[in-house]
Amino acid sequence: MEIEKLKAENPVVKELAACRELYWENPDRLPDPAAGDDGIYVDIDEAEARLIRFAPFIRRVFPEVEDGIIESPLTEIPDMQDALAMETGGVLQPSEIKGRLFLKRDSDLPISGSVKARGGIYEVLKFAEETAIKNGMLTPEDDYGRLADPEFRELFSGYSVAVGSTGNLGLSIGIMSAVIGFQVTVHMSADARQWKKDLLREKGVTVREYPDDYEAAVAQGRKEAEADPKCHFVDDENSMDLFAGYSVAGKRLKKQLDELGITIDKEHRLYVYIPCGVGGAPGGVTYGIREYFGENAYCFFAEPTHAPCMTLGLATGLGSGISVKDIGIDGKTEADGLAVGRASALVAKAMKSRLSGCFTADDSRLYPLLAMLQDTEGIFIEPSACAGFPGPGVICGGGAGTVFASGAVPLPDEKSIQIIWATGGSMVPEEEKQSYYKKGCEALGAAGGEQE
Ligand SMILES: *Cc1c(COP(=O)(O)O)cnc(C)c1O
C-alpha cells in the first residue's frame, strides 16, 4: 500500500494519518437503505423471535432479568446536552445542540454490561439451539427453560466456543457460554483490561492473552477453532449472527420511542452516534435502525483518532482491505473496546449505503466526558463508550477537526431526536470507576484552569 500516494489522493487519509480529529460525511448513503443492493439482509423478526424463545431460559439462569429479555433503558439527558455545548470550548452555545438528547444505555444491559450482550449472547444462544435440535433434544415449540437441565449441560459440555476480543465481546461470549455449559476460550488482545480477564477466569473461562493487537488475537482464535469440528468460532469480523443480534436493537428502539409518544418522520428526524471498533455492534445497530426508521434516521460512527479503521475503510472505499497501520498509525487508544486496526469487511459493505458519516475523537476527550456524564446525569459509562458524545456538536460545526461534508446530512433542529449510544460500563469494578472519574475530573480541572 502506497501511503504517500493515498494521502495525496485523498485528504481524508492525510488527516487520519496525522491522527487529527475529523468529521466525514458518507457521500454514498442512500435514502432507501435496501437500495444499495449489497446482498446483506437480516431477518430481524426471526432474530427477535429466537430471543423470545430463549426468554424462559434467561429468566431461569439470570433471575435478575425478570422478563428474560436483554434490553436497556433510553434516558433523556438534558443536563449533559447543555454540558456538551460547553465541551466545544465556546464554539457552540447550549441552544445550538438542538432537539431532545437521549442516552441509549447499553452500558446497563444485563449479564455483561455492554452492547456485546446483544450480538454476542444472541450468537451463543443460536449455537446452543442448533446443537440441541441437531441432537434431537429440542424443538422450537419446546419450553426453552429446559435448556438449563442437567442433560443439556451434559450435551453442551461436549462442544466448545471460541472468540477473539478486545474485552467486552469476550465477556459476553464467555459468561453466556459458561452458563450454558460449553467449553469456552477467549483470545484477548493486549488492549483488554485486566479486570475483564480476571472476571472471565473466575467464571471458568479459558483466557489466552496475546502481546499483539486484536487482529492477531482473532486470527489465532480462528485457527485453533478450525482444527476442532465441535468448536464454534464467533467471528467478530464476519459473523452474520452477531450482526443479526445487534440489529434487533432497531426494532426495540422503535418500541421505546413509540412508548414515549415519539414518531420519527421527515420533520422529526433521528440522529444516532455510536462508538465503533471492528464495526459489528454499531453496524448491526445501524442496520436495524435504518430498517425501522428508513431515510429519516442518520447514523454516525465514532472512532478514536488512533484507531479510525472504519472511517479509513469507508472513505477510501477499501473496506477491510486497509489497516490503520498501512497509514502509519499505531492503533493504540484508551478506548480499549475500539482498539481495532482493520474494519469488518461485512460491516464496511453494509454501511456503504446506510451510514451517514464518521467522526474521530482524541483520547484526551474521553475521561472528561465520562466525568461530565457522571456529574450531570449520575450515569457511569466506560471510556470507550464516551467516544459518541462529541457527535451532536460535531455534526453542527462544533468539532475541533476538519470537516469533509457531502451536504447530505440535514442539521438537527428543535424537532429532532438525538441518541448517543452508551456501549458499555456497568460491569467495571468500583475502584476502576473511581479512578476513571478522578482522571476525568482532573482533566476538566486542568482545562478550566487554562481558560482562566
Ligand atoms: C465493542 C465495543 C464497541 C464497538 O463495537 P464493535 O463491534 O467492535 O465495532 C464500542 N464500545 C464498547 C464499550 C465496546 O465494547
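Let's start with one residue. Glu129 touches Arg50, Arg53, Phe54, Leu138 and Tyr144, leaving aside residues up to four places away in sequence. Contact here means heavy atoms within 4.5 Å.

A word on the source. This is a predicted model, where local features need pLDDT of at least 70 and side-chain atom pairs count only at pLDDT 80 or more, while totals for chains, interfaces and linings use all residues. Residues are numbered from 1 along each chain as its sequence is written, and side-chain values use heavy atoms, with hydrogens and water left out.

Back to Glu129. Is Glu129 buried or exposed? Glu129 counts as buried, at 3% relative accessibility. Buried means under 20% relative accessible area, exposed means over 50%, and partly exposed is in between, with a 1.4 Å probe and protein chains only. The side chains of Glu129 and Arg53 are joined by a polar contact of 2.9 Å. A polar contact is a pair of N or O atoms within 3.5 Å; within protein, one must be able to donate a hydrogen and the other to accept it, and residues adjacent in sequence count only if both atoms are side-chain atoms.

Glu129 lies in helix H6. Helices (H or I, at least four residues) and strands (E, at least two) are DSSP runs, numbered from the N terminus. Helix H6 covers residues 116-134 and lies across E4 and E7, at about 155 degrees to E7. Angles run from 0 to 180 degrees between N-to-C directions, and axes are lines fitted to C-alpha atoms, for helices over the stretch in contact.

That takes us to a sheet. It is open, with four strands in the order E6-E5-E4-E7 and parallel pairing. Strands E6 (206-209) and E7 (231-234) are at the edges with a single partner strand each, so one side of each has no neighbour in the sheet. From one strand to the next, the twist averages 20 degrees. Two strands pair if DSSP finds at least two bridges between them. Strands E4 (residues 160-165) and E5 (residues 183-188) pair over six bridges, in the parallel sense. Val161 has Val184 in E5 as its bridge partner. Helix H8 (residues 168-180) also packs on this sheet; H8 touches E4, E5 and E7, and its direction makes about 165 degrees with that of E4.

Now the other sheet. Eight strands form an open sheet with mixed pairing, in the order E2-E3-E12-E8-E9-E10-E1-E11. Its edge strands, E2 (74-76) and E11 (402-404), each pair on one side only. Strand E1 (residues 22-25) runs parallel to E11, joined by three bridges. Leu22 has Thr402 in E11 as its bridge partner.

Next, the ligand. Which residues come nearest? Of 16 residues around the ligand, they are Lys116, Asn168, Gly277, Gly279 and Thr423. Being near means that a heavy atom of the residue lies within 4 Å. A side-chain N or O atom of Lys116 is 2.7 Å from a ligand oxygen. A polar backbone atom of Val278 is 3.0 Å from an oxygen atom of the ligand. For a backbone N or O atom of Gly280, the distance to a ligand oxygen is 3.1 Å.

Last, the cysteines. The structure holds zero disulfides. A disulfide is a pair of cysteine sulfur atoms within 2.5 Å. Cys358 is buried, at 0% relative accessibility.
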